[in-house]
Every structure is written in structure tokens, then in C-alpha cells.
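Take a look at the chain below. This report goes through its domains, its cores and one of its sheets.

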Amino acid sequence: MAHCGKNYILLQSFFMALIEPIIFTDMDGSLLDHDTYSHVDADELLAWLRNKQIPVIPVTSKTRAEVLVLREQLNNHHPFIVENGAAIFSPVDYFKHGIRDIVEHDGYQLKEFVASRAHWQSILDNAGTHLNEAFISFAQAGIEGVVEMTGLAINEARLASQREFGEPLKWLGTEEQFDAFSQYVVTQGGQLLHGGRFVHLSGCCDKGLALRWLLSEYQQHYVGKNIVSIALGDSHNDTAMLEAADYAIVIRSPAHDYPSLNNNAYQHVYKTKQQGPRGWVEGVTHVLNHLGYKD
Ligand SMILES: [Mg+2]
């Protein structure tokens, strides 16, 4: 029977060669610790994934300026999704085929799902004088104001303020004013996304839409291979991304419950016991083991 075992191993190796896992990951509270923003607990696995050429795609509410700093720290050279799915930046020449519907922008190929920040700012300007006192935007607050509102260091506030596809607002008005404002935003083709401390005004996009778009580019990139998408996130703004992947890894948060998913029967969902980057390692290891990819 020894040769049967050998055949099994050969078959398994052949099968493995056809699988291409792609990891889409939220940053804060997922790959980065909720409190310290450290990724050190995931560094060993990240190095292993880099060695295996498994892409790790940042998918975050952060700005491009913030992600560029993080990518440097993480030694990550893959495409990334910013501002809650508003846009994808892909290094020029990363994909060898011609990507659909992109523009060249600062050395990246850019796919935008919504209009630029200036568009959303003009919508704020036209919201009506009755809402003048109801909110303060990042642009109105300036860097010093953002430092005050967020508690970020000035350099971090500068990066967080470089939004390109929407405008964060601190809401100061009443609930009635908010309802009126929401209706107005919808009539303008926009949406409001509740973050922890801020409301984000932008267009209709989410992390799931951006994941699917990028995944279809990878399908052309890895012709003949079986792409397995793995998504990791800890919050409700990750649900669309988690639901769109073959494997959803829901990271335990110290701040709130697991987000609930409307997953289908074919999707694998794994909820981590550990938090932040340790949960990240737990989840990715679990899925790669399940795929027979990692001991
Ligand atoms: Mg998060």
C-alpha cells in the first residue's frame, strides 16, 4: 500500500499547487491590536505568508496616507483598499493583465468607487444654514482640531486627515437634525457610515464590493488556479467583506460583540477566541490547516 500513500501525497501536492489563498484583512482591532496598534504577534506568520507569496490585502477605514506608512512597517507590497471600500490602490505593474476602469495616480493604479472628497464637501456646504452648527468636519476642524477630537499625535492626525473620498464629521446636533441630514445625503447619492466617534459622509461603497472587484482581477492574474478568499475583521463595517469571502474569520474584540453575518451555506465562518493580532494568527492558521496548506 506504500505506493498508494505516495500517490495520495502526489495528488495532495498537485491539489495544493492549484490553490491560491488570498487574505483580505481589516487593520484596527484585527491585524493591529485594538489598544496598542501593534502587529508584532502576527509578524512571524506574516513573514511565512510573504515567503509563500500569499497576498495579504489591507482593507481599512484608514486613508491611503495612513496605509502607506503601515505597508512599509509590514513589508507589504500588495494592493490595498482604503476609506471603507471607497477605492483600491494597486502598485503599477502588480497585475500583468490590463485592469478594468482604472486611472494612474501617484505611481498606483487607482480604482475609485465613489466621487472625490471635494464632491462630498460641496454637499456639506449646500446642506443648509439650519445644519451649520450640527456638525464639524475634519476639513473645518483643521489638523489641530483633529488632534483634539481624536487624541492622535499631530503626525498621525495629519495622515488621518488626508482623506480623498469622503469627509468625517463629528455630530453635534440633535437626533431630528441627524434624520433630516441623512435624508438630504441620500437625495445627493451619498451615505453616512457610523464609525466609533465619527460619522463618515461618502458615496455608496463598502469593503465587500471592493473585495469582489479585486478578487475578479486576481482571477485573471491566477489563470487556472482555484482562488480561496479569506477575510478577517472585527466590526460591523467588516460584515460585507466577511460575507463576500469563502472563509470569514471574525476576530474577537475587547470593545464589542462579534459582528453578526448573513453567511451562506457554502461559507466557512470561524470566530477567534483570541483578540487582535493573536486572533488573526489563530484564524489564519485554522483556515490554512483546513485547506491542508499549513501544518
Ligand atoms: Mg476593525
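What follows is a short tour of this predicted model.

On one side, 13 residues of domain 1 take part, and they meet twelve residues of domain 2. Helix H3 (residues 64-74) supplies the largest share of the domain 1 side, with four residues.

## The nonpolar cores

In soluble globular proteins, nonpolar side chains tend to be buried together. Here the largest nonpolar core has 47 residues. Ile 230, Ala 231, Ala 245 and Ile 249 have the most contacts inside it. Strand S12 (residues 247-252) gives the most to this core: five residues. A core of five residues lies apart from it, and includes Leu 124, Phe 135, Leu 169 and Leu 201.

Which residues does Ile 249 contact, leaving aside neighbours within four places in sequence? They are Ile 230, Ala 231, Leu 232, Tyr 270, Thr 272, Gly 283, Val 284 and Val 287.

## A four-stranded sheet

Four strands make an open sheet, in the order S3-S4-S6-S5, with antiparallel pairing. The edges are strand S3 (80-82) and strand S5 (103-105), each pairing on one side only. On average, neighbouring strands are turned by 35° against each other, direction ignored.

S3 and strand S4 (residues 87-91) run antiparallel and are joined by three bridges. Ile 81 stands opposite Ile 88 in S4.

How values were computed. Residues are numbered from 1 along each chain as its sequence is written. This is a predicted model: local features need pLDDT of at least 70, side-chain atom pairs count only at pLDDT 80 or more; totals for chains, interfaces and linings use all residues. A nonpolar core is a set of buried Ala, Val, Leu, Ile, Met, Phe, Trp, Tyr and Cys residues joined through C-beta atoms within 7 Å. A residue is buried if 20 or more other C-beta atoms lie within 10 Å of its own, exposed if 12 or fewer, and partly exposed in between; C-beta atoms are placed from the backbone. Helices (H or I, at least four residues) and strands (E, at least two) are DSSP runs, numbered from the N terminus. Two residues are in contact if their C-beta atoms, placed from the backbone, lie within 7 Å. Two strands pair if DSSP finds at least two bridges between them. Axes are lines fitted to C-alpha atoms, for helices over the stretch in contact, and angles run from 0 to 180 degrees between N-to-C directions.
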